[in-house]
Amino acid sequence: MKFRAKIVDAACLNHFTRVSNMIAKLAKTCTLRISPDKLNFILSDKLANGGVSMWCELEQENFFSEFQMEGVSAENNEIYLELTSENLSRALKTAQNARALKIKLTNKHFPCLTVSVELLSVSSSSRIVTHDIPIKVIPRKLWKDLQEPVVPHPDVSIYLPVLKTMKSVVEKMRNISNHLVIEANLNGDLNLKIETELVCVTTHFKDLGNPPLASENASQDRNPEQMAEVHLDIRKLLQFLVGQQVNPTKALCNIVSNKMVHFDLLHEDVSLQYFIPALS
């Protein structure tokens with residue numbers, strides 16, 4: 001297996017750093033899947049056991065000026081690595097205002113993802129800062145558990161409000177309860193609700209809009225006013241919202257009643273899917 005890549009464009013480098021920071025906030029450890037045309041950051045906790053799942057996808061040509069990789073074999077031309085997300089994020093923080101960034105797969109007594117940052121010094125000569133990030137190479141037999149999640153057909157699909165606004169609402173609600181109900185309908189209404197023995201609080205978002213396809217698919221047999229709802233651990237929802245560093249160009253919420261909520265976000269050329277299971 002071989003992998004090396006290089007970023008020289010400042011905007012691409014800043015964007016890649018933002019993605020890395022987001023992943024670090026969403027997942028303590030994650031799987032990095034490297035293929036000839038894409039990078040994926042994957043978190044694959046079992047939804048059935050109450051864990052969240054994540055699938056983040058980057059087109060490599062939108063970030064890297066050089067990109068070379070050789071996978072496990074010609075027919076399985078992919079590499080799967082497990083790493084601590086914070087280690088990658090921390091390494092990239094030193095790359096602000098860098099001239100270039102190189103990432104490669106190395107073996108220094110143990111497998112590493114080596115990040116080399118070329119920085120300009122005051123005297124205009126460059127210096128190299130190198131980070132060796134320990135990784136685990138995931139064997140081929142375990143790849144089947146790390147494929148793109150299948151999205152079940154949602155009862156309601158709705159556009160999300162501004163995520164910063166949603167985050168501040170959920171932060172206040174967390175002070176009252178550990179559980180939250182998120183509900184939406186095909187009239188563009190989304191509600192965040194908490195109910196305890198002492199208090200019931202609901203925040204209403206109106207006229208958010210529904211994706212055209214979602215409305216068409218559901219219109220035959222679903223009353224547009226009817227709410228689809230899912231009961232969530234408020235901390236898992238808040239972790240997702242805290243992880244969003246910039247407001248995405250597209251943000252969708254798909255609700256499968258009483259089973260799960262699926263967030264589908266597009267940040268410029270990075271797509272993120274995030275799954276939170278319902279509380280049993």
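This is a predicted model: local features need pLDDT of at least 70, side-chain atom pairs count only at pLDDT 80 or more; totals for chains, interfaces and linings use all residues.
Residues are numbered from 1 along each chain as its sequence is written, and side-chain values use heavy atoms, with hydrogens and water left out.

Now the rings. Rings of Phe, Tyr and Trp (its six-membered ring) pair if their centres lie within 6.5 Å; planes under 30 degrees apart are stacked, over 60 edge-to-face, the rest tilted. That rule gives seven aromatic pairs.

Take Phe-16 and Phe-63. Their ring centres are 6.0 Å apart and their planes sit at 65 degrees, so this pair is edge-to-face. Phe-16 is in helix H1 (residues 10–26) and Phe-63 is in the loop between strands E4 (53–59) and E5 (66–70), so the pair ties together parts 47 residues apart in sequence. Helices (H or I, at least four residues) and strands (E, at least two) are DSSP runs, numbered from the N terminus. Both Phe-16 and Phe-63 are buried.

Back to Phe-240 and Tyr-274. Centres 5.1 Å apart, planes at 25 degrees, so that pair is stacked. Phe-240 lies in helix H5 (residues 234–242) and Tyr-274 in strand E18 (residues 270–277), 34 residues apart.

Strands E8 (residues 111–120) and E9 (residues 126–134) pair antiparallel over nine bridges; pairing takes at least two DSSP bridges between two strands. Val-115 has His-131 in E9 as its bridge partner.

Key:
Buried means under 20% relative accessible area, exposed over 50%, partly exposed in between (1.4 Å probe, protein chains only).
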